[in-house]
Amino acid sequence: MFTQPTLYLGIMNGQHKITLSGVVFYVEEECRKLLTDHLTIINRSSSAIQSEEMIDERMAEMLLDELKEEGKEVITFKAVEHFIERTRHLRQPD
């Protein structure tokens, strides 16, 4: 059985396509790096108890909530900022 990559990046008309835990998101170009850096830090600082898949699934759910709240199909800078505020507690201090 083939597994889908946890994080896939692609580009389309100023929007970046990100696949997180099997869910495809389109992210505005100006906030893609901010979002992917934040997700990388969260995955790096997760404990051994929490698997990367579980964390990615939860992050995907939260991003879907952001889209629903805004009533949009593309993740905007505002949604990324709100997402980071909601998940900042998951980051370990450097």
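**Helix packing and its surroundings**

Modeller: Helices H2 and H3 are oblique to each other; angles under 35 degrees count as roughly parallel, over 145 as roughly antiparallel, 65 to 115 as roughly perpendicular, and the rest as oblique. This is a predicted model, in which local features need pLDDT of at least 70 and side-chain atom pairs pLDDT 80 or more, while totals for chains, interfaces and linings use all residues. Residues are numbered from 1 along each chain as its sequence is written, and side-chain values use heavy atoms, leaving out hydrogens and water.

Biologist: At what angle do the axes of H2 and H3 cross?

Modeller: Axes are lines fitted to C-alpha atoms, for helices over the stretch in contact, and angles run from 0 to 180 degrees between N-to-C directions. Here the axes of H2 and H3 (residues 77-87) cross at roughly 135 degrees and come within 10 Å.

Biologist: Which residues of H2 and H3 meet?

Modeller: A contact means heavy atoms within 4.5 Å. From H2 come Met 59, Met 62, Leu 63, Asp 65, Glu 66, Glu 69 and Glu 70, which meet Lys 78, Ala 79, His 82, Phe 83, Arg 86 and Thr 87 of H3. This contact comprises five nonpolar, two polar and six charged residues; Ala, Val, Leu, Ile, Met, Phe, Trp, Tyr, Cys and Pro count as nonpolar, Asp, Glu, Lys and Arg as charged, and the others, Gly among them, as polar.

Biologist: Which residues of H3 are buried?

Modeller: Buried means under 20% relative accessible area, exposed over 50%, and partly exposed in between (1.4 Å probe, protein chains only). In H3, Ala 79, Val 80, Phe 83, Ile 84 and Thr 87 are buried. They lie on the same side of H3, because they cover an arc of only 135 degrees around the axis, taken from the directions from the helix axis to the C-beta atoms. The face turned away from that side carries the exposed residues Lys 78 and Glu 85. The buried residues pack against H1, H2 and strand E4 (74-75).

Biologist: How do H1 and H2 cross?

Modeller: The axes of H1 (residues 32-45) and H2 (residues 52-70) cross at roughly 145 degrees and come within 10 Å, and this crossing is right-handed. Leu 35, Leu 39, Ile 42 and Asn 43 of H1 meet Glu 52, Ile 55, Asp 56, Met 59 and Leu 63 of H2. The contact has six nonpolar, one polar and two charged residues.

Biologist: What does Leu 34 touch?

Modeller: Leu 34 is in H1 and is partly exposed, at a relative accessible area of 35%. Leaving aside residues up to four places away in sequence, Leu 34 touches Phe 77, Val 80 and Ile 84. Leu 34 and Phe 77 are 43 residues apart along the chain, with 8.9 Å between their C-alpha atoms.

Biologist: How many helices and strands does the protein have?

Modeller: Helices (H or I, at least four residues) and strands (E, at least two) are DSSP runs numbered from the N terminus. The protein has three helices and four strands, in the order β-β-β-α-α-β-α from the N terminus. Of its 94 residues, 32% count as buried.

Biologist: Where is Ser 21 found?

Modeller: Ser 21 is in the loop between strand E2 (15-20) and strand E3 (23-28). Its phi is near 55 degrees, a positive value in a residue other than glycine.

Conventions
A crossing is left-handed if the near helix is turned anticlockwise from the far one by less than a right angle, and right-handed if clockwise.
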